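Please prepare a short briefing on the model shown below.

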Amino acid sequence: MAIVANALKSLTGQDQEAAKKREALEVLQEAANNKIRDYREEIEEIYTNPRNQDWMIVGHRLNEEVSESRVTVKNDDTFKKEMSSAIGDFFQGTSQGVKDGFQTVLTTAVNSLLVSTEVGERTFSKFAVITENNAILRVDIRMWKRTFVQGGMFGEWENVFVYYAAKSIVDHRKLTLDEL
């Protein structure tokens, strides 16, 4: 399992095999970057277009976002620790209980995506409203995994995995008393 950009940098050979691997990784990186861009545009549309909002967003912009793409992701302890660390970093001002809850939801989603070896695409999409540093935030999470035929055109890389997370402040004046 490697971050796509790091895997590309690690390919140093000049022979035909290295060129094939480099080309395959470049295609995977482009697919991953396109998926991240699509998720970013989808979330920005939700945040900036009132017709698409189920929770009104203050400032009409992203507050914070994080994304990453990896190849040949396995459902192992190393990846789970890295995801746990990423969640902790993303929710720095959030209570431990909220972090733990999100971690459980995301771990379940990641497990369901990674356990499947079925060739094709799988996605996960979720939003939640949480509190952080005395503010109400909307958090959007998107995940995508594409699994390939082993030994096919992508050779040793079994899959590509992308996650994207964004958060923005919710306009509390738009919420009802029951929603608060």
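Asn133 is placed in the loop between strand S3 (120-132) and S4, where strands are DSSP runs of E with at least two residues, numbered from the N terminus. This is a predicted model, in which local features need pLDDT of at least 70 and side-chain atom pairs count only at pLDDT 80 or more, while totals for chains, interfaces and linings use all residues. Residues are numbered from 1 along each chain as its sequence is written, and side-chain values use heavy atoms, with hydrogens and water left out.

- Asn133 is not a glycine, yet it has a positive phi of about 50°.
- Asn133 counts as exposed because its relative accessibility is 61% (buried means under 20% relative accessible area, exposed over 50%, partly exposed in between, with a 1.4 Å probe and protein chains only).
- Asn134 also lies in the loop between S3 and S4, and it has a positive phi of about 65° although it is not a glycine.
- Asn134 has 86% relative accessibility and therefore counts as exposed.

**Strand S5 and its partners**
- Strand S5 (residues 159-169) is mostly covered, with 10 of its 11 residues buried.
- Strand S4 (residues 135-147) pairs with S5 in the antiparallel sense over 11 bridges; pairing requires that DSSP finds at least two bridges between two strands.
- Arg138 stands opposite Ser168 in S5.
- Strand S2 (residues 64-71) also pairs with S5 in the antiparallel sense, over eight bridges.
- Val66 has Ala165 in S5 as its bridge partner.

**A charge over a ring**
- Arg138 lies over the face of Phe127, at 4.1 Å from the ring centre.
- A charge sits over a ring if NZ of Lys or CZ of Arg is within 6 Å of the ring centre and within 35 degrees of the ring normal.

Terms used
Helix = DSSP H or I, 4+ residues; strand = E, 2+ residues; numbered from the N terminus.
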